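Here's a quick briefing to read alongside the model. Take a look at the fold first, then work through the notes below.

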Amino acid sequence: MKTKRSILRQLLVNILVPVLLIFSIVFYLTYQYNLDKVENDIAQQKKNIVEETRNLIEYYDFSMRTHEQSLIQRMHDASREIQFVLKNQNAKSVDLVNLQLSLGMDPEREDIYLIDRNLRIINTTFKPDLGLDFKKLNQTFIPFFNKIFETKTFKEDRFGLEIKTGKIKKYSYQTSFDGRHIIELGFYSKSADEFKQLLLSKIRSLNKRFEAIDRVELYLGVKEIVEISIKDPKLQSLPPMSGSGKKYHY
């Protein structure tokens, strides 16, 4: 009787051990396959997110630059007219509001600033900035404006965010004929604001379509000022749009 039980026990061991071993191997291989597939799917999804975001930013940058072209000539022509006015009038006392109207500028969206050699705004149509000292505001403005004084050529800058308002604004710079002042023009743009809102709306929609997103931080125009934050640390290294972070105005 004991012999029969021993034989039965041995048979069970001989059958169960291989079965359990095979089951364990199949389970491990299935688990590993599924794990690799999930990891590959996540990696591909993140790649798709980065690529789609890059495409959106590139399209946004192209649209903004195309729109800017329509403003550059107006800014250049207005700066030239102001140069002639300053040739005969004192920069500090010239009535820039009347000049602004005579040049056909929009008082609600287009401003004039006159900056002296000490890098202070001595006259402007935007009164809250009157007396602003760029040297105290940020040291990076010193070489920036000094170069404009040195080159004496018209310079237009890319759209950037105005820190005080958070609005998109385009600036241009031109020295006066006597080289004592810089004529700065600042133009808001409704179209630029609409481009920006469209981009942010598209970026925000990504987290509804891609559940793998943990965090995305997008900077437009001003370094360290986050325009939008969706979660995913690995997606924070998106390429900046052209001009991004280089211009932070007062």
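Are glutamate 68 and lysine 170 buried or exposed? Both glutamate 68 and lysine 170 are buried, where buried means under 20% relative accessible area, exposed over 50%, and partly exposed in between (1.4 Å probe, protein chains only). Keep in mind that this is a predicted model, in which local features need pLDDT of at least 70, side-chain atom pairs count only at pLDDT 80 or more, and totals for chains, interfaces and linings use all residues. Residues are numbered from 1 along each chain as its sequence is written, and side-chain values use heavy atoms, with hydrogens and water left out.

**Salt bridges around glutamate 68**

- The structure holds 11 salt bridges, each being a side-chain nitrogen of Lys or Arg within 4 Å of a carboxyl oxygen of Asp or Glu.
- Glutamate 68 and lysine 170 form one of them, at 2.9 Å from N to O. That pair links distant parts of the chain, with glutamate 68 in helix H1 and lysine 170 in strand S5 (residues 168-175), 102 residues apart. Helices (H or I, at least four residues) and strands (E, at least two) are DSSP runs, numbered from the N terminus.
- Glutamate 68 also has a salt bridge to arginine 65, with the closest N and O atoms 3.2 Å apart. These two sit about one helical turn from each other because they are three residues apart in helix H1.
- Glutamate 68 has a relative accessible area of 0%, whereas arginine 65 is partly exposed at 26%.
- A network of salt bridges links Asp61, Arg65, Glu68, Glu156, Arg158 and Lys170.

**Arginine 158**

- You'll find arginine 158 in the loop between S3 and strand S4 (160-161), and it is buried, with a relative accessible area of 12%.
- Its side chain makes a polar contact of 3.1 Å with the side chain of aspartate 61 and another of 2.6 Å with that of glutamate 68. A polar contact is a pair of N or O atoms within 3.5 Å; within protein, one must be able to donate a hydrogen and the other to accept it, and residues adjacent in sequence count only if both atoms are side-chain atoms.

- Tyrosine 113 stands opposite threonine 124 in S2.
- The S1-S2 hairpin has five residues between the strands, and leucine 119 takes a positive phi near 65° there. Leucine 119 counts as buried, at 1% relative accessibility.
- Aspartate 111 and lysine 169 meet in a salt bridge through their side chains (3.5 Å, N to O). Aspartate 111 is in strand S1 and lysine 169 in strand S5, so this pair ties together parts that are 58 residues apart in sequence. Aspartate 111 and lysine 169 are both buried.

**Another positive phi**

- Lysine 152, a residue other than glycine, has a positive phi near 60°.
- Lysine 152 sits in the loop between helix H4 (141-151) and strand S3 (155-156), and it counts as exposed at 51% relative accessibility.

**Leucine 56 on helix H1**

- Leucine 56 lies in helix H1 (residues 2-88).
- Leaving aside neighbours within four places in sequence, leucine 56 is in contact with Leu199, Lys202 and Ile203, contact meaning heavy atoms within 4.5 Å.
- Leucine 56 and isoleucine 203 are 147 residues apart in sequence and 8.0 Å apart in space, C-alpha to C-alpha.

Note on methods:
Two strands pair if DSSP finds at least two bridges between them.
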